[in-house]
Amino acid sequence: RSCLLHSTFTTDTKSRDENKKTVESLYRLSVDVKKIRRLKEWVLLQDVAYVKEIASILQEMGADETTVANILERCPEAILHAPTEINYQRALWQLVCQNEKQLIKLVEQFPESFFTTKYQENQKANILFFQELGLKNNIITRFLTSASSIFHNPVEKNKNVIETLQRNYLSLGGSDANMKIWILKLLSQNPFILLNSPTVIQENLEFLQKNDFTDHEVLQLLSKLKGFIFQLTVTTMQKSLLFSKNVFKCSDQELKQLVLKCPALLYYSVPVLEERLEGLLKEGISVAQIRETPMVLELTTQIVQYRIKKLSALGYDIKSGTLKSLNGTKKDFEVNYGKIQSKKERPIFNPVAPIHIED
């Protein structure tokens, strides 16, 4: 975004001097101008800047002096926007913020998202569309700050993608009653599915059906992969499946069961799967063990090494045991580790238990 603004606001910056008025105004607001010079000097070279006006709008929203300085240091290009643009942006974000206290907190955390004003009409139309769809305002604010690119699309494009998903959900056997919940959950987990074309969505679903996944299994995969399947291509999925089939020496039906157990076999590219497999084999783990617990391929090599080291310190031999102890999130692993640890430390007998002696 900074590059876009850069090209919009500058021409030949090398032959130009800093705008003294801009620099003085920033100093008066206790902004670290040296930091701006180091990172985005081009902002200081522009003939027109709205330092006082933008600071004033931020103060009206509840920002104190430190917050204003922090925002302008992190996103100095904010001062190049006309006050009318920023007031419009303020009104837009207020559609989903509870109050201005929440709004200024978001602006301080994500200034670049807030000061992207190029697609304001699209932003407004998409905010209203998401609200009509049933997304809660706190989810929409999360989208605005961490997935702002989806608001750059014309609303018709986003509607088209949603309609394609809805149509496929019903054709795969999903019910009308559950469709809205499914769509909202999918969007909440991965808003970037809206950046895909309806054609890619259709092609990827058809690929799974051609590989003998039942409609119910396709729906299952969509939910497990949180919509990331739409960011893949048919070619990459084909290569990943072929790689897994060769490694595990299994039939098409067995491969399908492995994928349902561990969708990462479908999602990750061959180089990623190769690297993770090699990492496991170096630790003395067999292909048979991995085939039994393929979910271990969802973990990076570094995480696997760390977990094996921790378990080994407890005397747990991963080579002869199950890989289930390695699986899951950080929290899942810590729970499993705790159980193994307490089992190891538990006394063989209870010294305070009463001794029963038969007469």
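This is a predicted model: local features need pLDDT of at least 70, side-chain atom pairs count only at pLDDT 80 or more; totals for chains, interfaces and linings use all residues.
1. Residues are numbered from 1 along each chain as its sequence is written, and side-chain values use heavy atoms, leaving out hydrogens and water.

2. Start with the largest nonpolar core, which has 105 residues. Such a core is a set of buried Ala, Val, Leu, Ile, Met, Phe, Trp, Tyr and Cys residues joined through side-chain atoms within 4.5 Å; buried means under 20% relative accessible area, exposed over 50%, and partly exposed in between (1.4 Å probe, protein chains only). L58, L72, F115 and L266 touch the most other members.

3. Next, look at helix α5 (residues 65–74) and helix α7 (residues 100–109), whose axes are 9 Å apart at an angle of about 40°. Helices are DSSP runs (H or I, at least four residues), numbered from the N terminus. Axes are lines fitted to C-alpha atoms over the stretch in contact, and angles run from 0 to 180 degrees between N-to-C directions.

4. The whole structure holds nine salt bridges, each a side-chain nitrogen of Lys or Arg within 4 Å of a carboxyl oxygen of Asp or Glu. In one of them, E100 of helix α7 pairs with R90 of helix α6 (residues 83–94), at 2.9 Å from N to O. E100 is partly exposed at 22%, whereas R90 is buried at 13%.

5. Finally, K40, E77 and E112 form a network of salt bridges.

Terms used. Helices (H or I, at least four residues) and strands (E, at least two) are DSSP runs, numbered from the N terminus.
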